[in-house]
Amino acid sequence: MTKSQTDAPDRTPGGRAAHRPSAPGDRRRPQRTDHLALLESHAIFILREVAAESERPVLLFSGGKDSAVLLHLAVKAFRPAGLPFPVMHVDTGHNFPEVIKFRDERVSQLGERLIVASVQDSIDRGRVPDPGQNASRNRLQTTTLLDAIAQHSFDACFGGARRDEDKARAKERVLSFRDTFGQWDPKRQRPELWHLYQGRVQPGEHVRAFPLSDWTELDIWQYIRREGIGLPDIYFAHRRPVVERDGMLLAVCDWVAPAPGEAAREETVRFRTVGDATCTGAVLSTARTVTQIIDEIAVSRVSERGATRADDRFSETAMEDRKREGYF
Amino acid sequence: MPRTDEQATDGTHDTGMDLLRFAAVGSVDDGKSTLIGRLLYDTRQLFDDQVAAAEAASARRGIGEVDLSFITDGLRAEREQGITIDVAYRYAATPRRKFVIADCPGHVQYTRNMATGASTADLALLVVDVVNGLREQTRRHACIAALLGVDQFVVCANKMDLVDWDEDAYHRVTDDVRELAARLGVSSWRVIPVCALRGDNVVERSQAARWYQGPTVLEALEEAPAGAWASGHGTGSGSGARLPVQWVLRRPGGGRSYAGMVNGGALRAGDEVTVLPEGWRTTITGIETYDGPIDEAPAGISVSVDLADDLDVSRGDLLAVVSDIPAVVNDLVATVCWFSDRPLRGNDRLRVKHTTRTTPARVTAVRGRLDVNRLEIDPAAELTNNEIGTVELTTAVPLAVDPYRRDRITGSFVLIDEGTNATVAAGMVGEPQLAGSGTASSQALATSGSPA
């Protein structure tokens with residue numbers, strides 16, 4: 001069961017019927033203007049602006065908490081109509097089953113179109129070398145993503161990245177221009193003034209659009225609580241077998257088994273981020289509700305990616321280097 | 001598995017936190033990034049692994065203590081050169097306020113990125129090296145921030161340790177800032193003596209300057225009024241409510257509503273509005289959000305509105321309350337910051353993006369160039385990279401504009417190169433608003449906001 005069925009039953013976001021048009025006698029509440037309301041309105045503004053100015057936009061959806069928030073905001077921007085773009089998952093094949101289940105349920109509940117771009121297909125077609133069954137496929141996603149963008153002629157991709165995640169992301173524009181090779185050039189970013197988002201591109205080029213740029217991890221969780229947004233179960237504390245590797249707790253699964261000298265043990269954990277299972281670590285936690293998670297984050301001394309992402313540990317500028325190649 | 005505490009979500013009340021956006025500006029090497037790093041470090045906004053990474057990066061470069069500028073200078077090239085190339089956005093929060101911080105580059109070469117960071121700021125944190133005083137680049141940044149409508153300055157007289165916390169050195173900076181602020185028309189400013197490197201008067205009060213009784217940097221940031229930029233209230237009286245139409249929402253059963261973000265003032269159900277540029281009058285019959293209808297939409301909120309009449313309203317049109325409508329013009333005078341290696345000259349063809357409308361435009365004439373030291377406009381026939389000047393534009397379709405000082409949304413535009421699609425200029429409707437500069441102020445906005 002995904003949390004969308006249990007959280008905040010009175011406010012489950014979702015189908016088109018959920019939009020309530022004006023009707024006489026409606027009890028009206030005043031519009032909020034706190035920091036979450038302003039972040040929400042700004043994100044909706046960006047979604048509408050980019051959808052209006054691009055020919056073939058797409059929303060990237062991993063099933064993680066940030067993309068769940070992004071999809072929710074897209075629904076809020078365009079209901080009662082359907083979304084003016086499909087939803088695309090770049091699937092590494094190294095998934096947590098709870099996340100795939102959540103992805104499929106959420107998209108079908110909304111009645112939207114899901115495209116799955118598969119890293120396994122890229123391997124099978126020889127587009128990328130097979131790194132071996134148990135190696136991280138995180139970096140390989142870039143080729144799969146860029147191939148899918150070319151195949152569908154997408155000229156704008158919405159992503160759920162936030163500037164507080166990483167020091168390279170902190171430098172990136174809301175609309176991030178990518179050349180025909182999908183590359184980000186941090187020294188030649190377009191000026192981005194006021195709310196004048198400018199995403200004109202030539203054929204073969206595209207922009208990445210990040211409506212959650214100014215949101216922090218805490219903002220995301222506070223918003224999830226306010227809106228009653230459903231999430232995959234793995235975000236909440238549960239018992240599972242894990243193996244400790246490079247200071248991270250990896251879930252024991254089809255692609256992660258204890259190596260010689262390592263021992264699996266059962267712990268109560270949750271995930272702060274969701275990615276390729278071979279490089280996404282769990283944190284020890286007993287937080288079983290959104291409120292408990294918010295309390296836990298408020299006193300956390302380790303950043304979200306620092307706690308959970310092996311892919312950022314390769315070098316001082318690992319994220320910048322990946323983004324230059326076309327990564328999310 | 002029921003989650004009982006989620007059933008009582010906080011959906012009915014505000015977080016109670018407001019949002020202050022500020023930009024750290026000033027000349028290169030005066031210590032902006034170090035100051036922001038110190039502010040984040042001393043307010044415990046940094047995670048242990050972020051601090052450890054900055055320590056490791058410092059050690060690799062043979063720097064003994066942790067170099068706090070590595071907190072925001074995240075790009076490879078920035079760390080190699082020890083400078084800031086592009087804006088870093090950082091986030092901090094105190095119990096009542098959330099801060100969005102834009103740490104801007106100081107080099108003149110990256111003025112476009114500084115303008116990017118300052119364009120959405122409510123407040124400028126101007127950093128000045130007390131040893132060197134106000135340099136040309138300090139004045140350029142102060143000038144651009146003021147032109148962009150930022151009317152609150154918190155000035156940090158930094159590196160006070162290098163002058164042994166000499167009170168006279170602080171007063172020299174204060175005197176220069178007073179004169180500059182008066183000429184720029186910045187009414188709210190204060191100067192704080194700080195040492196960003198050691199944290200004096202950033203978050204912790206300095207023991208070295210007992211003569212200074214004013215607030216610390218953090219206190220000044222917590223006291224400042226927030227959220228001014230989108231509503232236009234930061235730049236003058238503020239305009240009436242406007243809604244640039246972004247998107248036409250078609251209802252499955254028929255009917256349309258018009259989506260966009262409100263600016264200028266609050267829009268209310270029942271308001272009479274004019275559709276511009278067409279000039280049709282109609283009435284707002286309802287304001288919708290996904291969460292249901294509301295009676296009043298404050299500035300900065302995304303909504304969709306229903307109109308009483310079935311009109312051909314589309315993206316790029318603008319709804320304005322009838323009591324206060326923008327001017328509809330094809331010809332306008334504007335202040336531009338030019339960001340391209342190719343000079344801007346009369347007869348150049350460009351695209352202009354204004355609110356939600358993009359249209360071809362021609363530069364009728366370049367009128368003058370702003371001297372950022374004297375703060376006066378000299379006659380000029382072209383603008384080169386990073387220069388600020390006054391130009392006349394003619395647009396292919398009419399635009400509904402307000403003077404920038406009244407409305408930072410309907411008064412602003414960008415210019416786009418038709419060949420490369422690069423954004424090559426930031427534009428503000430009207431001539432520069434500089435209180436002390438004779439010609440500029442006497443003619444200020446005399447020709448803008450009305451058909452030429």
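Visitor: Where does P80(A) lie, and between which elements of chain A?

Guide: P80(A) sits in the loop that runs between α2 and β2 of chain A, where helices (H or I, at least four residues) and strands (E, at least two) are DSSP runs numbered from the N terminus. The model is a predicted one, in which local features need pLDDT of at least 70 and side-chain atom pairs count only at pLDDT 80 or more, while totals for chains, interfaces and linings use all residues. Residues are numbered from 1 along each chain as its sequence is written, and chains are lettered from A and ligands numbered from 1 in the order in which they are written.

Visitor: What is omega for the peptide bond that joins R79(A) and P80(A), and what is that bond called?

Guide: Omega is about 15° there, and the bond joining R79(A) and P80(A) is cis. In chain B the peptide bond from L276(B) to P277(B) is cis as well, with omega near 10°, and P277(B) is found in the loop between β11 (272–276) and β12 (280–289).

Visitor: How do you know that the length of α3 of chain A agrees with that of a helix?

Guide: The expected span of a helix is 1.5 Å times one less than its number of residues. For the 14 residues of α3 (residues 97–110) of chain A this gives 20 Å, and because the end C-alpha atoms are 20 Å apart, the two values agree. Just after α3(A), G111(A) takes a positive phi of about 70°.

Visitor: Which residues of α3(A) are buried, and why are they said to be on the same side?

Guide: A residue is buried if 20 or more other C-beta atoms lie within 10 Å of its own, exposed if 12 or fewer, and partly exposed in between, with C-beta atoms placed from the backbone. By that rule the buried residues of α3(A) are E98(A), V99(A), F102(A), R103(A), R106(A) and L110(A). They cover an arc of only 135° around the axis, which puts them on the same side of α3(A); the arc is that of the directions from the helix axis to the C-beta atoms. An α-helix has 3.6 residues a turn, so residues three or four places apart point the same way. The buried residues of α3(A) pack against α2 (65–78) and β2 (87–91) of chain A, a contact being a pair of residues whose C-beta atoms, placed from the backbone, lie within 7 Å.

Visitor: What makes L375(B) a buried residue?

Guide: L375(B) has 21 C-beta neighbours inside 10 Å, so it counts as buried. L375(B) lies in the loop between β20 (357–371) and β21 (376–379) of chain B, and has a positive phi of about 55° although it is not a glycine.

Visitor: Which residues have the most contacts inside the largest nonpolar core?

Guide: A nonpolar core is a set of buried Ala, Val, Leu, Ile, Met, Phe, Trp, Tyr and Cys residues joined through C-beta atoms within 7 Å. The largest has 215 residues, and A118(B), A124(B) and A157(B) have the most contacts inside it. Helix α1 (residues 35–53) of chain A gives the most to this core, with 11 residues. Not counting residues up to four places away in sequence, A157(B) touches several residues, including V128(B), V130(B), Y170(B) and V173(B).

Visitor: How many residues does each chain give to the contact between chain B and chain A?

Guide: The contact takes 72 residues from chain B and 65 residues from chain A. The residues on the side of chain B divide into 33 nonpolar, 18 polar and 21 charged, where Ala, Val, Leu, Ile, Met, Phe, Trp, Tyr, Cys and Pro count as nonpolar, Asp, Glu, Lys and Arg as charged, and the others, Gly among them, as polar.

Conventions
Two residues are in contact if their C-beta atoms, placed from the backbone, lie within 7 Å.
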